[in-house]
Each structure stands twice: as C-alpha cells, then as structure tokens.
Number of protein chains: 2
Amino acid sequence: MNLNNTAVAAIKWEDNKLLLLDQRELPNTVNYRSYTQAPEVAKAIKNMCVRGAPAIGISAAYAVALSVQQYYSSTNENWLQQVNLEIQELNASRPTAVNLTWALKLMQQALEQIKDNPIAKITALAKKIHADDIVANQTIGELGANVIGESIGVLTHCNAGALATGGYGTALGVIRSSVQRGLKTIYAAETRPWLQGARLTVWELAQDNISSTLISDSSAAELMRTQAIDWIIVGADRIAANGDVANKIGTYSLAILAKFHQIKFMVAAPTSTIDWNLNTGSKIPIEHRTAQELLPACYTKNKLINAWNPVFDLTPANLITAIVTEKGVVFNPNSNNMKTLQC
Amino acid sequence: MNLNNTAVAAIKWEDNKLLLLDQRELPNTVNYRSYTQAPEVAKAIKNMCVRGAPAIGISAAYAVALSVQQYYSSTNENWLQQVNLEIQELNASRPTAVNLTWALKLMQQALEQIKDNPIAKITALAKKIHADDIVANQTIGELGANVIGESIGVLTHCNAGALATGGYGTALGVIRSSVQRGLKTIYAAETRPWLQGARLTVWELAQDNISSTLISDSSAAELMRTQAIDWIIVGADRIAANGDVANKIGTYSLAILAKFHQIKFMVAAPTSTIDWNLNTGSKIPIEHRTAQELLPACYTKNKLINAWNPVFDLTPANLITAIVTEKGVVFNPNSNNMKTLQC
C-alpha cells in the first residue's frame, strides 16, 4: 500500500466534470457517475450515491464549481443569485454532517470576493478543499497511529475510509497508518441498515490488501468480552465545541460498551467536522431516514408495523478517550481542551 | 386477542405428523411443512425452519414420537437402538439451547420405562411437553406483567414469541399479558443476521392486532437515551445455575446499555431452559454460524474478507433485574436465589 495512493477514490474531478463512485452499487459494481449540474449532485448526496461527512463536503464544493460554470456570465449579474439558490439546495441535502455547511461557506465567501471571471478560481478552491482533506487525513492517520501504539486489535464502525472522504480516510486512515506499523487484527461492524461496514469498509480495505473481519453490530459486546481488541476507532459527522460527537447510528452504543469493557474509544475527524457554534451535541440535528430501510416490503400497508430509523446518534464527550484531528489530539475531550484545536 | 389462542402457531401435530411453520419464509409466506421422520426434523432445527429454544425442544419431542412410530416393533428388540441413534442426531442439531437436551431426556426416560407398545404413550408425552410449555408461558406472561406494572415502553430482541415456543411466547408472553393491562409502546430490535425481530416478532404481534415499532440493533442505545422505555424483555436459550443467560446475539449488549441508562432488564423463560449442571454461564456452548449469513456473496473468494458470526452471547447475572419463570420470579439472580426455582 502506498500511503499517498489508496486504491479507491470516492470523488474525481475530470474534464470539468464531477465523478462520484456510486456507493449504492458497491461492492458488486464499481461505477463512476458523471455530474455537470449542482442539483444532480444534491440528489446524489441525498440518495447516498456519495456519503461520509468529508466526502459530501467535497462533493458540494465541486457542485458549486459546476454551478458557477453553468451560470456565470460577464453580461448578466443575476448569475450569482442562481448559484446561491443551488448552494442552498446543496446545504439542505443532508442535515447532520457539518462539513457540508463548512465547505459551502468557504465557496460562498470566495465567490463574494472574486471580482473577475470566477470559474478558474472557484474550481481551484474546490480542488484545494479536496486536496487539503487528503493531507488532513494522512496527518490524522499518523497522529492516531501514535496514540494507539502497539494494538492487539481494533474495531471500526460504518465507513470512515477513502470512500467517506477526499482520500485515505479518517478512522480507516488511522487503521491504514497502524497497519503500516504492524497492526494485524481489524474488525468492522456491518452497520445496519445501510451496511456501510459490510459493503464498503471491508471491501475498501481489501483493495489495499488489508485483511479484516466483519461482525454483526450486535455482536460488538461479545467481541469485546471474548476477543483481543483494545481500541474502537470511528469517524464523525459533527463534533460540538465540548467534544460531543454525532456519528453513524451505533457509535454511541459502541462507546458505552467500550467503557464497560475498559476498551479505549477514538474519534478521528478533520477539524472541518467541528461545529464551534454548538456548545454541546444536544442541538445537532439527527437525521431519520425512511422506514423502508428497515421493514420487509410486504409490511408496506400494515399499520400495526412501524419503524424508528435514526441514522446518526450522539456520543457524549465523557465516553471518548481521544479525538484525533489534523491539528492535534485531544484526550478526554471537554469544552476547555477542545479549544486547543481552534487556533 | 384471546389469551389462550394466539393467532400464530409454530408447531402442530396432526394425523400423527409433525407440522412446522417454515420460519425462513416468513413474513412473506405462511407455509407449514409436514414431517414423518426424525432426521428430517433434525435438519429442520439445524437449518432454522423451526427456531427458538422451547420450540426446538418441543419439535424434538415430537420427532422422537415419529421415530418410535417408524421403528417400534413387537417382534424385534433392536428398534430402540435405532430410536436412540435418532435421539442423538436430534440432540446434536443445535448446541446452545438446553431445552433440546431437556425434552429428549424426558422422552428417553419414558421410553426406558414403557414395557408395552410405546407409540400412544410417547406421542402423548410429546403433546404434554407442548401443552405444558403453553401453560408455562401463560404463567410467565402474567408473572412478568406483574413485575413490570405500568410500563411506559418496552424493547424486545429476537423472537421469543409464539413462534419460538409451544405458544403464547416467553418475552412476547410477558408483552401480550402487559398489553392486556394497558402497555402501548413496544419496540423490537431487528436482530441481525437472521432478522428474527423484523421477520417474526413485529409480524407475530401484528397477527394478534398488537402494534410495534422496529429498530436497527445498533439504535437501541439511542432509543434508551431519547425515548420513553423502562424495560428490556428477552427470552433465553440456556440459563446457568447462577442466573447467567445465553441468548440471541445482542442480548449482552442490550443488558449493558440498559444498565448504563438505568433501564430494567428482564429474562423470561420456562425452567426447562435452566441448566442446573452448569454453575456459571462460562461453559455454555455458543454456536457460531456460517460467514455467509453476514458477507455479501461477491466476497466468497476474497481471502482478505472474513466474518465472525456468533449467534448467541452470554449475559452475566449481575446485569439482569429479574428472571421470570413459570415457577416464580428471581430478582437480582445469583446462585443462592436461583435455587428457589429448583423445587
């Protein structure tokens, strides 16, 4: 494995088009879909063709570049209104990951400052957001591997890998860097209902020749009780200023189970995932998705059978051993020590 | 709902044949398969046409009756050897539930004592094991409902219902009795990998006009944190003499999460589920099933991708609020107070 080139890329920019690897079709088919219009990218985010907090931020940034390509006119000043409408549409595509808002804000600020033809500069900024994310993840990987040291085994949840980011991954970045230093035992939870662990994580690792073992989500406690693991490593969709973490449903459960078994719990995420406007996690919007993700189709008309399908949950900071970002590591996160990441 | 007649029956005995509702085909198709030979019943237990600790015990008892029907001869004394071979085969069909061994032992002891033609008596004993289980479950239901009192909401795991027993159910027996007394809010965890919660529990409850809400296994912690529930209610596959409980994978996880959220945890099971030979749960065999239950088919030849698939786990007695049996309720179970059930 080459540290700088993981085998899989979720997002590519080629010939002024955005290419997204359709993650709904993995692991059966590797299919890049081509996008030239921002509303189509908003749909791709909503329907999870692309997913993962950093990856949807980057995709949205490229979508703004597409929007500017489409509407910019040196003779009609209304083009910026149209781009701003599409930015709003992109921002509403999914509620929990703050990287989406973060990337769109960077793009919007740049648009307001550029006075001449913005196409080249805006496209360059989207590419920079993408490239910066890869570099951040490589730093996170190395810092996280330092924290873990010699590990007997780790468990990850959902997919916080190259597929969820610009490249290299956050949680899987830490795992990649740790594998380079000798880590052998990697478990991945399958992550119902969308099965990101089964369909994406073990597949992505295998593309880089890394061996892993899939478990059902509900066997994590039995794994901790009976098998050799010492770290849980996950990504994040939004981190509040006090270190509370919103991440894929099941994360909070793993954090409690880890505490119970005296297993350490790491959140790996770029600082673009931190929402400094929220003092605690309680105000992070938790997305609920359709009941059809859980219910067998034959129940559709049965009013006695319902489903409750939150796809993120909230892990309080006091269950987290370390938050690893590209700007440094915060152990036992709280409102005070999180501030070290704000510089 | 009629307390004595739930809408669904997993096991029927008609015209000297055993009928098993094929639970692999639910909820799409209600299909009773007919059995006349014990080895076919052993296969039906192994491949989960019938499942649930009490239900596989009852099915095995009927299978012994089938075996006696097939082999008994007044002129050739070797028939009993053949029946005993089939009893061994039945006993090996699944390892964790002790009800299987318990029922087969009762049948074998009776066979040794009957001196004349055993067919009628052995068939009657199997029917009695079946009928006693239903009565036990109705008692468990009432005792459990007494313990729960006025509940704001409950969560159950797997299927410990009519489908898993002779009828009425253990955990779902408690829920049925509680619904009669006003319980309104019932959550069911989907229970990967086999989806007993999604395919069986919410379906079974709907057949009795009881409304329920399905959740993914990994959202149980978020449910406990944010929604109104005060009891987790599960069945059991084997209970050790100290109150340690082996049950469907995910049970141990729920018990830890319940403790963390100060939610009470009930195990409902007939005393036939107690293995008095085991001082603690550590020696209960935990069945592992095939990796194919977890892995997408396209991974079959990928040696980098493995699965770890225990289908039961072990919940220590100190995480359990109450074990409810037909002989009474044991609060805060341990080696001493469990003895009250031994009379």
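I started with the second largest pocket: its lining takes at least three residues from each of domain 1 (11-133) and domain 2 (144-342) of chain B. Those bounds come from an automatic or database domain assignment. For a pocket I used an open set of points on a 1 Å grid over the protein atoms alone, where a 1.4 Å probe fits, with protein on both sides within 12 Å along at least five of seven lines; lining residues have an atom within 4 Å of a point.

A reminder to myself: this is a predicted model, where local features need pLDDT of at least 70, side-chain atom pairs count only at pLDDT 80 or more, and totals for chains, interfaces and linings use all residues. Residues are numbered from 1 along each chain as written, chains are lettered from A and ligands numbered from 1 in written order, and side-chain values use heavy atoms, without hydrogens and water.

Next I asked which residues lie closest to the centre of this second pocket. I found V98(B), W102(B), K105(B), I274(B) and N277(B), out of 13 lining residues. Helix α4(B) gives the most to that lining, with five residues. Helices (H or I, at least four residues) and strands (E, at least two) are DSSP runs, numbered from the N terminus.

Then I turned to the largest pocket, which has 28 lining residues; W102(A), L106(A), T271(A), S272(A) and I274(A) lie nearest its centre. Two or more lining residues come from each of α2 (53-71), α4 (99-113), α5 (119-148) and β11 (274-275) of chain A. Here too I saw at least three residues from each domain, this time of chain A.
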